[in-house]
Amino acid sequence: MAPAIELRGVTKRFLTPSGGVYTALRDLSLVVQPGEFCAVVGPTGCGKSTTLALISGLEPPSEGEVDVLGRPVTGIADGIGYMFQSDAVFPWKTVLENVAAGPRYHGLSNRDARLKARDWIARVGLAGFEDRYPYQLSGGMRKRVALAQSLINGPRILLMDEPFSALDVQTRSLMENELLGLWAASSASVVFVTHDLEEAISLSDRVFVITAGPGTVKSNYKVDLQRPRNVAEIRFEPRFVEIYQEIWNDLRDEVAVSYERQKRSGAA
Amino acid sequence: MNVRSAAARLSVPVSAPGRPVVDLAAQRAHDARRRQLTVQGLRVLTAVVWLGSWELTTRLGWVDKFFFAQPSEIAVKLWVWTTQGTELGPLWVQVVTTMEETVGGFVVGSLLGIVMGIALGRNRLLSDVLSPYIKGANAIPRVVVGALFAISLGLDIKSKVATAAILVFFVVFFNAFQGVREVDRNLVANARILGAGNRQLTTEIIIPSALSWIIASLHISFGLALVGAVVGELFGATAGLGELIYSAKNNFDADGVFAGMALLAAIALVAEILITALENRLIRWRPPVAVETRI
């Protein structure tokens, strides 16, 4: 069976506004198996979000190859869900219209799309809020809308870019548990980008550590904790602590490099 | 946390040491009413002070009412116009004529502005090619074009509509264009990931997003349409408020000029109210402006 996602020797450069070239990723390779929940951790500015943009087809790589579901990525492909770091729900659509957007874009009739949307709104615990506009919801509720929005099309690949980083700690572990529940009921492969190692380990089967920019995969770790997990409690398990220490040893150096660089560019 | 529980929390009577228990919701409604009364009262007071001092200074002869008119005589003038008609015919004909020109120019100009703004905002090549022409055209004092229209389109409604439309067009165009350019890239990316095609992207993401910019420009442009219609009438017309003001000026009738201005201001105010109503209808999704409350 082909891997769900495969990046081979991928490099991504951007033109900076001043005309220079900024290398976000250099020679990055990683493989995600079907149904696997992978986390990508690394210091700020290491190109984690760029990796997701490449997998989704929003950005083409400068060098290297990206395969998704066994096919090279040439543009935005079907079967991908993407949860953005910032709020990306449509402010002028109600909760119902937001969630129904995906099925409608895929050619479902307005009626059927709404029917399907109601079901997903209930699944993420927002029943009764169908007619609200996003500004009338709390941050956590908007994240639920975004989650329903990206899951309703039944994606085989789910890309998540620090989706819960703006939430308070309690809401966050609640959302993480719900995400695990919804993921277990699907067969999707997940790439979850975060800078929070605790979140990465408690959610995933595999953790990729990315080096300070230009990013490349430094190492990857299998997380052999049993499922189903309770995110709020798993961090007290001895095995969790072991894994954490192991990965942190690796990540620490990269964080230090990135911090030094920021200090220098701040001083310059 | 939901809205209901927040409301429940707020309406719980609070007791503080040395302070009576008050119903905060009632207190706030009471404050809002009082503020509303204060605002209305101050508005009336402003009018009384302004018109009163004008009336007084002209009556005392400190200011020559031949040049600066007098509120009471302006009122009389309006009354005469309404009851006996103007030198150009019944007053309502003048009002309707100017309204037709203004609304026509407003509609034509803003539709063209919206369509062109969105088209150029979405198409990089088109906007790069046309931008020097548009910027150049925008630099011309456009009121002057009214003279050209008077020659080429004649002295009937067409030349006034065209003058009003060209004034409106540029304001709406630049706002629509900017609105399209300012669309949140995350929202576009999200829509594309969800499967939106180009047409859906335009109608469901780009246009709603640009709408707050466009509507903001409509507030200004109705006033501009009125300017266009009146200027068009000054270049030659047989009816309309601009023509009425022009003929009053020719008769050295300052009261008539001011009376015409008062009518124009009234039209602009009514239009502003209608546009605000339209705005509230179209942009229901925007959070209401935060009202300052003291608790």
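**Sheet and contact in a predicted model**

Q: In what order do the six strands of the open sheet in chain A run?
A: This is a predicted model, where local features need pLDDT of at least 70, side-chain atom pairs count only at pLDDT 80 or more, and totals for chains, interfaces and linings use all residues. Residues are numbered from 1 along each chain as its sequence is written, with chains lettered from A and ligands numbered from 1 in the order in which they are written. Strands here are DSSP runs of E, at least two residues, and helices are runs of H or I, at least four, numbered from the N terminus; two strands pair if DSSP finds at least two bridges between them. The pairing in this sheet is mixed, and the order is β6-β7-β8-β3-β9-β10.

Q: Which strands of chain A stand at the edges?
A: An edge strand has a single partner, so one of its sides is left without a neighbour in the sheet. In chain A, that goes for β6 and β10 (217-222).

Q: In which sense do β6(A) and β7(A) pair?
A: Strand β7 covers residues 157-161, and four bridges link it to β6(A). Met83(A) sits opposite Met160(A) in β7(A). The sense is parallel.

Q: Which element gives the largest share of the side of chain A that touches chain B?
A: The contact (C-beta atoms, placed from the backbone, within 7 Å) takes 20 residues from chain A and 15 residues from chain B. On the chain A side, β6 (80-83) and α2 (95-105) each supply at least two residues. The largest share, three residues, comes from α2(A).

Key. Contact = placed C-beta atoms within 7 Å.
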